[in-house]
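Take each task first, then follow the solution step by step.

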Amino acid sequence: MTMPIASLKGIIAGYNDEPVLRNIGLEVFANDFIGVIGPNGGGKTTLIKVLLGILKPFKGTVEFPSGKIKIGYLPQASQIDKSFPISVKEVVQSGLQPHNKWNPVLSARQKQKVVKLLNESGLQALAKRPIGSLSGGQLQKVLLCRALINEPDLLVLDEPNTYVDKNFEYELYQWLKELNKSMAIILVSHDIGTISSMVKTIACVNGDLHYHPSNTISAELLQVYKCPIDLIAHGPIPHRVLKKH
Amino acid sequence: MTGLIELFSYSFFQNAIMAALITSVLAAMVGTYIVSRKIVFITDGITHSSFGGIGLAYFLGINPFFGAAFFAVLSALGIEWVSHRGKLREDSAIAIIWSLGMAVGIIFVFITPGYTPDLMSFLFGSILSVGYADLMVMLVLTVVTALFMGIFYRPVLYSAFDAEFSKIMGVPVAFFRYMMSFIIAMAIVVSIRSMGIILVLSLFTIPQATSMLFSHNFRRIVLISMIFGLTGSLVGLFSAYSFNIPSGAAIIFTLTIQYLLFKLLFWIRSLIAIN
């Protein structure tokens with residue numbers, strides 16, 4: 001059996017002594033593509049923050065059994081201050097792990113890497129533009145580049161499909177499929193329809209976490225595990241329609 | 001005209017010009033950080049709380065500068081700590097520190113026996129009475145700030161833009177935020193001498209507003225703010241001397257006029273572009 005690259009055990013976490021997550025466990029393997037769904041306030045973002053190490057859980061452990069891994073993170077768009085005077089290039093550069101945190105000068109190789117990624121993602125023309133002048137989709141692309149520039153082993157995306165149009169969403173999902181060949185992905189979304197067509201497995205977070213080892217969303221998953229979402233899922237193929245629940 | 005040339009031979013006027021020059025450079029760097037992080041209100045709280053230190057210093061008979069610096073730094077670090085911990089609403093914390101500082105200052109000034117000589121100059125600023133020692137303090141702080149923000153430009157910018165992400169990337173975010181809070185507090189205190197408590201913050205925000213008409217690049221905003229801060233300060237300084245009005249008010253008035261002028265120019269330009 002292969003070892004997980006990240007392992008969360010018995011996590012109780014929340015804010016101001018109020019637990020949002022109650023005793024959660026999750027294992028992430030090298031080529032996983034996990035869709036995290038659940039109602040608002042159910043703890044999706046809290047789970048991610050614990051995994052990323054920016055929120056200390058009240059109880060439980062976060063381990064990386066196969067050694068330290070690099071994690072790329074794309075936060076919710078609402079967390080980004082679009083009026084901040086920073087350029088596209090600077091934002092992408094901020095995703096580079098400094099080789100020495102007290103001397104954050106970029107090496108020629110790192111600078112080249114940024115230029116290459118900007119070219120590949122079609123952002124080169126925008127490199128010097130302030131982020132405030134970008135569309136929702138363009139900004140998400142920049143933030144995704146920031147998450148990818150460090151060549152992560154695990155990519156974590158928190159609601160990447162808010163404030164973007166359908167074209168960009170399609171482009172994003174094609175991109176993620178390609179990326180999944182070389183890294184594990186955790187995708188948080190309220191849009192359970194698109195998620196089910198994309199991901200390999202589903203985790204439903206609503207205080208507790210329920211892991212579903214396939215990408216079909218069953219009535220059982222939604223009902224028994226108290227994921228009160230009702231919808232029709234439109235995957236390209238196969239087209240899935242959920243049972244009424 | 002001869003009067004103007006004669007003016008430059010006075011050492012008090014030379015000092016005032018040096019003070020305008022140094023504070024413009026300092027306020028350009030620190031102010032751009034303040035405006036970018038949207039912490040103008042926090043900075044105003046720090047500024048006003050420093051009055052408590054000035055009052056206490058009068059009461060104890062020590063140099064008001066030390067009292068102001070002590071109160072400002074303590075408030076700045078306190079507010080950063082509160083917002084970092086998130087236990088108390090940040091705006092409430094600022095309001096408390098702001099009014100407490102002012103109250104303490106007023107109480108001490110009242111119970112201090114005798115006449116408080118340059119209390120007015122702390123409230124309204126008096127750039128024409130800046131001495132050599134004041135200039136040296138301003139200069140040292142400006143050099144230290146330029147070195148710090150120059151060497152650590154990236155992590156300072158990154159932790160201001162997205163603290164959470166920077167933390168994940170291993171940037172010592174807390175260190176940079178506390179250091180910048182310290183620098184902000186000190187920059188405010190050394191500028192109070194020439195601008196006055198009530199108006200000092202404008203020197204840290206109006207040139208930036210003008211600069212942002214031209215650029216949205218952090219470094220460029222700093223550079224353009226230096227120019228606008230300096231032109232505004234010099235014109236303000238001459239008006240203050242000519243019309244015998246407090247220097248702080250004259251400088252802020254000029255800075256604002258300067259902003260409105262450019263705003264108007266940009267507005268006219270956009271009108272022409274449309275037609």
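A crossing is left-handed if the near helix is turned anticlockwise from the far one by less than a right angle, and right-handed if clockwise. This is a predicted model, in which local features need pLDDT of at least 70 and side-chain atom pairs count only at pLDDT 80 or more, while totals for chains, interfaces and linings use all residues. Residues are numbered from 1 along each chain as its sequence is written, and chains are lettered from A and ligands numbered from 1 in the order in which they are written.

**Exercise 1.** Describe how H13(B) packs on H14(B).

Step 1: H14(B) covers residues 247-274; helices are DSSP runs (H or I, at least four residues), numbered from the N terminus.
Step 2: The two helices, H13(B) and H14(B), pack at about 130°, and their axes are 7 Å apart. Axes are lines fitted to C-alpha atoms over the stretch in contact, and angles run from 0 to 180 degrees between N-to-C directions.
Step 3: H13(B) is therefore oblique to H14(B), as angles under 35 degrees count as roughly parallel, over 145 as roughly antiparallel, 65 to 115 as roughly perpendicular and the rest as oblique.
Step 4: The crossing of H13(B) past H14(B) is right-handed.
Step 5: Residues making the contact include B:Phe228 of H13(B) and B:Phe253 of H14(B); in contact means C-beta atoms, placed from the backbone, within 7 Å.

**Exercise 2.** How many residues of chain B are in contact with chain A?

Step 1: Count both sides: 21 residues of chain B meet 21 residues of chain A.
Step 2: Helices H8 (153-161), H9 (163-168) and H13 (218-243) of chain B each supply at least two residues of its side.

Conventions: Contact = placed C-beta atoms within 7 Å.
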